[in-house]
Amino acid sequence: MIDRSNLTILLAPGYQDLPEFLAGEQVEVVASLPCYLAENTDAQRGDGVFAKSIEALRRLNGLGYGRRGSGLCLTLVYNPVGPTLPPDQATLDAAYRLELGARYGIEFNRLLTITNMPISRFLVDLVRGGHYEKYMETLVGAFKPAAVVGVMCRTTLSVGWDGRLFDCDFNQMLELPLAPGLPHHIRDFDPGRLGQRPVVTHQHCFGCTAGRGSGCQGAIVL
Ligand code: SF4
């Protein structure tokens, strides 16, 4: 079980006991941190976000998250600020480990790089900034067949709050249902048919197959 967190929520009124609760339930924390530099993080997320994120990470470390032997896993997530592919995951992991450790004494278990998908708010930003065509060319031009093997829709399903099934959470955001003829609701779950299903793809899928590939477990081709 994982908790996807933006870190600052862990300091917000009404949520401050969340870290202890998550630790008690042995839940992995997967937290966004756009950069190990304050100026870059604040430029993307807003003034003061970096300082709050560091405070939240210190609280998590204090509970054992990210500490060797604790069994409490702390995963950081990086996604590019602009219309570019993420850098190499292992190289960035090493840089985060060095900088966060030296500057703030922060430890974590692993860092995942995730490609920005050309949907929702990021798509709006691309179109507004005039970067849409170029970004799609980047994704298509960087298509990596080896990444197709590991795209998350091949092994997982996304379940909506109302029980509807989707190939992934991106398709869920886009309201793209499973292919016709398949069970479309969790009450009709059929592992045999759903495990063999054709996936509903669209142009945003190039976000999963560009460069080293991308999914909820970070880069696909390491
Ligand atoms: S965006 Fe496309 S390739 Fe990526 S997980 Fe969803 S369906 Fe699969």
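Start with D3: leaving aside neighbours within four places in sequence, D3 contacts L22, V27, E28, V29 and V30. Contact here means heavy atoms within 4.5 Å. D3 lies in strand β1. Strands (E, at least two residues) and helices (H or I, at least four) are DSSP runs, numbered from the N terminus.

Before going on, note that this is a predicted model, in which local features need pLDDT of at least 70, side-chain atom pairs count only at pLDDT 80 or more, and totals for chains, interfaces and linings use all residues. Residues are numbered from 1 along each chain as its sequence is written, and side-chain values use heavy atoms, with hydrogens and water left out.

**The whole chain.** Now show everything. The chain has 10 helices and 6 strands. Its C-alpha atoms fill a box of roughly 50 × 40 × 30 Å, taken along the principal axes. How does the radius of gyration of the chain agree with that of a compact globule? With 222 residues, such a globule would have a radius near 17 Å, and the chain has 19 Å, which agrees. That radius is taken over C-alpha atoms, and the globule rule is 2.2 Å times the number of residues to the power 0.38. Buried residues make up 41% of the 222 residues. Buried means under 20% relative accessible area, exposed over 50%, and partly exposed in between (1.4 Å probe, protein chains only). Among contacts between residues at least 6 apart in sequence, 62% join residues at least 24 apart.

**Two positive phi angles.** Most residues other than glycine have a negative phi. Select L7, in the loop between β1 (2–5) and α1 (18–24). Its phi is near 75 degrees, a positive value. Is L7 buried or exposed? L7 is buried, with a relative accessible area of 0%. Next, select Q26, in the loop between α1 and β2 (28–32). Phi of Q26 is near 60 degrees, also positive in a residue other than glycine. Q26 is exposed, at 52% relative accessible area.

**The loop between β3 and α4.** Go to T84, which lies between β3 (74–78) and α4 (89–104). T84 counts as partly exposed, at 44% relative accessibility. Then pick D88, in the loop between β3 and α4. D88 is partly exposed, with a relative accessible area of 27%. D88 and L63 are 25 residues apart in sequence, yet 30 Å apart in space, C-alpha to C-alpha.

**R154.** Select R154, in the loop between α7 (145–148) and β5 (158–159). Not counting residues up to four places away in sequence, R154 touches V148 and V149. R154 and D93 are 61 residues apart in sequence and 26 Å apart, C-alpha to C-alpha.

**The ligand.** Finish here. Which residues are around the ligand? They are M117, M152, C153, C168, F170, N171, V199, V200, H204, C205 and C208. A residue is near a molecule if one of its heavy atoms lies within 4 Å of it. By class, this shell has 9 nonpolar, 2 polar and no charged residues. Ala, Val, Leu, Ile, Met, Phe, Trp, Tyr, Cys and Pro count as nonpolar, Asp, Glu, Lys and Arg as charged, and the others, Gly among them, as polar.
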